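Hi everyone, thanks for coming.

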Amino acid sequence: MALDPKRTVTELRELQELTGNDDGAQRVAWTDTWVRAKDWLDGKVPLEATVDEAGNQWWTLPGRSEKAVLIGGHIDSVPNGGWLDGALNVMAGVEVMRRLVEEVEPAATVRLVNWADEEGARFGRSLFGSSAAAGSMADQDELRSRKDADGNALPEVLAEHGVDLDRALEARKQLENAAAYLELHIEQGPVLESLGLPLGVVLGTFGVERHQVTFRGQAAHAGSTPMDSRRDALAGAAKLELEIREIARATGNGAVCTMGSVVTKPGIVTSVVETAECLLDQRHLDGFALAAMLEAAKVASGRICKEEDVEVDWERIWQIEPILFDEQLIDLAGEVIQELAGKSHRLPSGPLHDAAEVSRAGVSTVMLFVQSLRGLSHTKLEDTKEEHLELAVQALDRLTDRTIAWVASDSEKDIDPPGGGSKPGEAGSHPAHD
């Protein structure tokens with residue numbers, strides 16, 4: 001069966017109709033709509049599915065070598081999400097598997113995986129299935145206490161879907177023979193569109209520093225307190241918000257800093273703000289640069305406190321180191337894009353992906369990005385030109401073939417391909433939602 005990228009686009013539209021509404025995609029993990037999507041997906045793959053202890057779906061095409069090339073994605077979405085985020089990864093992989101099934105036995109085993117709950121939309125825990133398989137899930141005690149907006153406990157909901165939280169890490173055996181991992185994803189940002197390029201190679205995923213920063217001043221009457229006598233906590237937060245923009249600009253190379261929330265107390269129009277609680281998110285692909293950004297923000301907050309006669313406390317909410325993908329696979333992906341699109345561009349990923357967890361498990365990993373129109377994602381306005389989607393399917397297909405050859409060559413030499421991440425089973429923490 002010849003590769004048919006147009007079929008991938010058609011099937012993505014079919015999935016959109018099946019599991020979405022006027023507000024967008026509704027494939028939130030651990031819901032009936034998600035199950036409907038998984039059943040639909042299983043019917044599209046010409047292989048028998050298995051489900052591991054973390055709820056991940058697997059389809060395996062045996063090859064001459066037990067060393068496996070994995071193609072991965074996720075069918076779940078955020079509420080009111082887009083038609084491509086996650087689903088493109090899986091459906092492009094389905095089309096590649098269809099072609100491979102009809103050809104001679106591949107030189108290496110090829111496996112397609114639909115990771116469970118990448119988004120973390122219902123319980124605030126992203127990358128559930130991939131972190132379990134990677135052996136990096138280290139927050140099960142905390143997960144036992146998680147509840148959704150309706151008060152349903154995570155362990156009970158998982159059990160309804162055949163997943164025992166205490167056994168989820170047994171999914172680690174799925175990566176025992178994994179030699180390479182490939183993931184195609186929409187960019188979810190504006191870089192490729194701004195460059196006029198359909199495709200890009202992902203260098204890795206950003207490291208993240210996420211803190212609650214609390215400025216403390218003094219509540220006072222808004223009418224009777226002179227401006228030069230005020231200890232306004234919101235003034236401290238406002239100055240830090242402007243400061244972090246300059247820190248990101250000065251750091252460069254994709255650095256981003258975001259103050260995503262500010263809650264003031266007492267929060268009334270007749271009082272000077274006594275406390276301003278801020279949520280600060282900083283990201284960079286270089287760990288040293290990320291650490292320098294954090295230190296710069298802390299120094300700035302100290303200076304601001306002196307200027308405004310307020311105090312500040314910093315509390316880390318979450319942190320993850322940058323994940324760099326495999327250099328050889330990056331080169332192979334660049335060659336494929338050069339052939340198909342005429343020019344290859346390398347860029348980091350600001351959002352996190354399942355690929356980061358697989359890479360942390362020591363599996364050689366790379367991602368392909370396809371252009372996102374207006375850089376929009378996690379919204380029903382998310383879109384990509386159909387010709388670019390078709391080109392992306394071709395790129396994943398060619399990259400799969402070259403990766404199979406690379407893995408098979410190393411297998412014949414009895415040499416494992418170099419890994420792009422940390423040791424299997426290394427513990428890490430995870431975001432509430434990325």
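**Starting at S349**

Let's begin with S349, which touches V202, G204, T205, F206 and F369, leaving aside residues up to four places away in sequence; contact here means heavy atoms within 4.5 Å. Before I go on, a word on the source: this is a predicted model, where local features need pLDDT of at least 70 and side-chain atom pairs count only at pLDDT 80 or more, while totals for chains, interfaces and linings use all residues. Residues are numbered from 1 along each chain as its sequence is written, and side-chain values use heavy atoms, with hydrogens and water left out.

Back to S349, which sits in strand β14, residues 346-349. Helices (H or I, at least four residues) and strands (E, at least two) are DSSP runs, numbered from the N terminus. Is S349 buried or exposed? Its relative accessibility is 1%, so S349 counts as buried. On that scale, buried is under 20% relative accessible area, exposed is over 50%, and partly exposed is in between, with a 1.4 Å probe and protein chains only.

The side chain of S349 also makes a polar contact with the side chain of H353, at 3.1 Å. A polar contact is a pair of N or O atoms within 3.5 Å; within protein, one must be able to donate a hydrogen and the other to accept it, and residues adjacent in sequence count only if both atoms are side-chain atoms. A polar atom of the S349 side chain lies 2.7 Å from the backbone oxygen of P351.

Next, please find E187, in the loop between β7 (178-186) and α7 (191-195). Among the residues E187 touches, not counting those up to four places away in sequence, are L347 and F369. E187 is buried yet has no salt bridge, and the nearest side chain of opposite charge, K385, is 13 Å away. For a salt bridge, a side-chain nitrogen of Lys or Arg must be within 4 Å of a carboxyl oxygen of Asp or Glu. As for charge, Lys and Arg count as positive and Asp and Glu as negative, with His and the chain ends not counted.

**Cores and strands**

Now for the nonpolar cores: sets of buried Ala, Val, Leu, Ile, Met, Phe, Trp, Tyr and Cys residues joined through side-chain atoms within 4.5 Å. The largest has 95 residues, and W30 and F128 have the most contacts inside it. Helix α12 (residues 386-412) gives the most to this core, with 10 residues. Apart from it lies another core of 21 residues, including V213 and I247.

What about strand β9, residues 207-216? Eight of its 10 residues are buried, so β9 is largely enclosed by the rest of the structure. β9 pairs in the antiparallel sense with β11 (residues 275-284) over 10 bridges, where pairing takes at least two DSSP bridges between the strands. E209 stands opposite Q282 in β11. With β12 (residues 311-320), β9 pairs in the antiparallel sense over nine bridges, and R216 has E311 as its bridge partner there.

Most residues other than glycine have a negative phi, and most peptide bonds are trans. D117, not a glycine, has a positive phi of about 55 degrees; at 3% relative accessibility, D117 counts as buried. W30 touches D117, too. N80 has a phi near 60 degrees and, at 35% relative accessibility, counts as partly exposed. Finally, the peptide bond from K265 to P266 is cis, with omega near 10 degrees.
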